[in-house]
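Please look at the sequence and the model below, and then read on.

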Amino acid sequence: MIEVDVRGFVCPVPLMRTKKALESGPAKIVVLADDGTAKTNVTYLLQDEGYAVAVTNDGDDYRIEGNKQ
Amino acid sequence: MGKRRVLGPSAWMLGATGLAIGVFAAYLVKQGNPGNMGLCIACFLRDISSFFGGEAMNMNGFAYIRPEIVGMMLGATVAAISFREFKARGGSGSVYRFVLGFIFMVSALIFLGCPVRAWLRLGGGDLNAAVGIAGLVVGIFVGTVFLKRGYIVGRVKKLAKPLGFVMPAIAVILLVLALVTFYNGAAPGGFSTVAKGAKKTAEGAVFTAEKVVSPADASMVDGAIVGADGAVVASSDSVAAATGVPGGSRAPLYLSLVAGLAIGAAAQRSRFCSVGGIRDSILIKRYDLLVGVAGLVIGVAVMNMVFGQFNLGFEGQPAAHTNFLGNFLPMVLVGLTAVFMGGCPLRQVIMASEGDLDAVAAVLGMMLGAVASHGLSLASTGAGPASGAWVAMGVMAAVTLGIGFLRTQKA
């Protein structure tokens with residue numbers, strides 16, 4: 001599993017870092033974000049790359065979990 | 001193993017948002033907005049600045065609180081709160097963003113439009129916009145080189161919730177001023193606004209279909225404007241040849257406001273951005289934001305053809321000039337500053353309305369940039385760029401690149 005922490009960053013940085021993390025083709029990836037746009041963009045990126053995505057709210061933060069389908 | 005999808009659900013939502021913005025924009029022009037200016041973030045923020053800057057800043061021809069902008073702000077705030085995305089945040093290079101917003105605006109007013117209007121102009125057949133968009137692509141490309149090398153404007157910090165309401169509060173104040181001005185027939189408190197449908201003669205006399213606005217005490221006699229002392233200020237030929245004052249070209253207030261509300265809410269939900277599509281295509285090979293822009297161009301082009309507003313060519317385009325470098329170079333700066341700010345001016349307005357104080361700084365930088373642009377006579381006219389524009393672009397390019405190098409940390 002790979003974890004990417006992009007809290008405190010706004011797009012395109014969260015997308016760039018997630019995209020980079022996906023290069024190794026992980027079966028599971030967790031992205032921590034605190035920005036609504038980052039949450040949406042990362043979710044769509046993971047879905048388009050073939051991951052099943054679940055988002056949970058942790059206070060003001062988002063935990064985006066992707067599992068390769 | 002799932003297959004990699006090139007265009008996912010976000011692309012269709014963005015495409016629909018772009019299409020809606022394009023259709024609204026063409027309709028707002030039909031209803032009275034300036035040509036190819038159904039929506040322009042730079043121009044409309046400038047018009048709002050002009051309401052406060054007025055004659056002192058050489059801006060009185062533009063003064064009008066554009067309800068599209070106010071509506072967009074409030075629509076985005078309501079959408080963000082409804083979907084629990086309204087968050088007070090800031091501290092991520094506010095000063096840099098203010099400066100970048102300022103430079104963005106001065107540059108946009110040399111091209112004569114923000115990226116949103118560049119796409120709208122393209123959809124109106126204005127080929128000068130294609131030159132500007134070529135410059136925009138170059139600017140965005142330079143921006144992505146910085147991003148790849150580690151450019152980060154700053155880390156965002158969470159702030160106390162009430163601080164997030166700065167932009168919405170400003171929007172409410174602007175709305176009140178706009179409504180008071182509308183029902184009062186004139187701007188309150190020493191501010192200025194252009195009368196709806198106002199035209200200006202070569203002599204500088206301003207009039208509407210109902211009355212003479214300037215000089216005061218003058219009146220219309222047999223199609224000529226005559227002063228209180230009986231002297232002719234502008235002949236009937238001069239009055240017939242008068243051209244519209246930009247701030248007086250506008251759609252009905254409530255129509256503009258409703259269009260703004262809808263666009264603001266849709267843009268907040270979809271994250272529509274007029275430069276992000278090109279940026280993401282280069283940077284991460286994602287094209288969904290580009291679908292939004294494509295939707296906008298298709299929407300406005302089709303509706304312009306329906307309304308008979310489509311005019312293909314370089315010459316005689318509304319609120320545009322034909323100077324090649326005067327269209328190309330400022331848009332390079334627009335593209336670069338937009339990438340450095342983290343999104344196009346439309347996105348800045350939307351993010352500011354979601355509680356992002358850094359975006360508020362960018363928007364205020366834009367509004368002050370408009371005052372400087374007109375106060376220092378840097379803005380272009382239909383005749384072409386002002387003489388000072390070239391020097392200004394050189395200085396602004398140096399400052400923008402300086403910020404780029406300053407905020408690029410070794411990865």
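## Salt bridges and polar contacts

How many salt bridges are there between chain B and chain A? In this predicted model, the count between the two chains is 5 salt bridges. In a salt bridge between the chains, the side chain of Lys39(A) meets that of Glu85(B), with 3.3 Å from N to O. Polar contacts between chain B and chain A come to 10 residue pairs, where both residues have pLDDT 80 or more.

On the side of chain B that touches chain A, the elements that give two or more residues are helix 1 (9–30), helix 6 (128–148) and helix 10. Helix 10 of chain B provides the largest share of that side, with 4 residues.

## The contact between the chains

The contact draws 29 residues from chain B and 29 residues from chain A, and together the two chains bury about 2,600 Å², of which 52% lies on carbon and sulfur atoms. Within chain B, the residues that lose the most area to chain A are Lys87(B), Ile284(B) and Arg286(B), which together make up 21% of what that side buries.

## A nonpolar patch on chain B

On the surface, a nonpolar patch is formed by Val6(B), Leu7(B), Trp12(B), Tyr287(B) and Leu290(B), which together have about 460 Å² of accessible area. Of these residues, Tyr287(B) is placed in the loop between helix 10 (276–284) and helix 11 (288–306) of chain B.

Definitions and conventions. Residues numbered from 1 in each chain as written. Chains lettered and ligands numbered in written order. Predicted model: local features only at pLDDT ≥ 70, side-chain atom pairs only at ≥ 80, totals over all residues. Heavy atoms only, no water. Patch = residues over 30% accessible without salt bridge, like charges linked within 9 Å, V, L, I, M, F, W, Y side chains within 5 Å. Areas by Shrake-Rupley, 256 points an atom, 1.4 Å probe, with all protein chains shown as cover. Salt bridge = Lys/Arg side-chain N within 4 Å of Asp/Glu carboxyl O. Contact = heavy atoms within 4.5 Å. Buried area = accessible area lost by both parts, 1.4 Å probe. Polar contact = N/O pair within 3.5 Å; in protein donor to acceptor, adjacent residues only side chain to side chain.
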